[in-house]
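This briefing covers the fold of a single chain, from overall dimensions to the arrangement of its sheet. Please read it alongside the coordinates.

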Amino acid sequence: MVEGCLFCGIVEGSVPADKVYEDADAIAFTDINPQAPTHVLVIPRTHYVDLVELAEHPTAASTLAQAIAAVARELGLSDFRTVFNTGAEVGQSVFHVHAHVLAGRPMTWPPG
């Protein structure tokens, strides 16, 4: 756990979250500022700053991908968008890697 990390606080239970899924390696919870009717964040229980750091740990990266798929199944999503922001300039505001799972509305391309 990293001191002061919001998502580490959710993992350890000191910060409340509306959890929709959890297993031994990951937690998923609703985003407090949803950008779609379904907007869930999926985080690993272990702290990695961003997707680049997570990629250095292939087993953890695979486990997070499996958790994203489990969340989609749990929520009954067949069509959804998964977004990872890496760096403040592109919108990462919590530096604990997390996937945004968005669904329930048409998604345009390019996003932004």
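The points below go from the whole chain to the sheet and the helix packed on it.

The model is predicted. Its chain contains three helices and five strands, arranged along the sequence as α-β-β-β-α-α-β-β. With a radius of gyration of 13 Å, close to the 13 Å from the globule rule for 112 residues, the chain is as compact as a globular protein of that length.

**Overall dimensions and surface**

- The C-alpha trace spans about 35 × 30 × 25 Å along the principal axes of the chain.
- Of the 112 residues in the chain, 38% are buried.
- Counting contacts between residues at least 6 apart in sequence, 50% join residues at least 24 apart.

- Five strands form an open sheet in the order 1-2-3-5-4, and their pairing is antiparallel.
- Strand 1 (19-22) and strand 4 (81-83) are the edge strands, each pairing on one side only.
- On average, neighbouring strands of this sheet are turned by 20° against each other, direction ignored.
- Three bridges link strand 1 with strand 2 (residues 26-30) in the antiparallel sense.
- Opposite Lys19 stands Phe29 in strand 2.

**Helix packing**

- Helix 3 (residues 58-75) packs on the sheet and touches strand 1, strand 2, strand 3 (38-44), strand 4 and strand 5 (99-103).
- The direction of helix 3 makes about 150° with that of strand 3.

Methods:
Residues are numbered from 1 along each chain as its sequence is written. This is a predicted model: local features need pLDDT of at least 70, side-chain atom pairs count only at pLDDT 80 or more; totals for chains, interfaces and linings use all residues. Side-chain values use heavy atoms; hydrogens and water are left out. Two strands pair if DSSP finds at least two bridges between them. Helices (H or I, at least four residues) and strands (E, at least two) are DSSP runs, numbered from the N terminus. Axes are lines fitted to C-alpha atoms, for helices over the stretch in contact, and angles run from 0 to 180 degrees between N-to-C directions. Contact means heavy atoms within 4.5 Å. The radius of gyration is taken over C-alpha atoms; the globule rule is 2.2 Å times the number of residues to the power 0.38. Buried means under 20% relative accessible area, exposed over 50%, partly exposed in between (1.4 Å probe, protein chains only).
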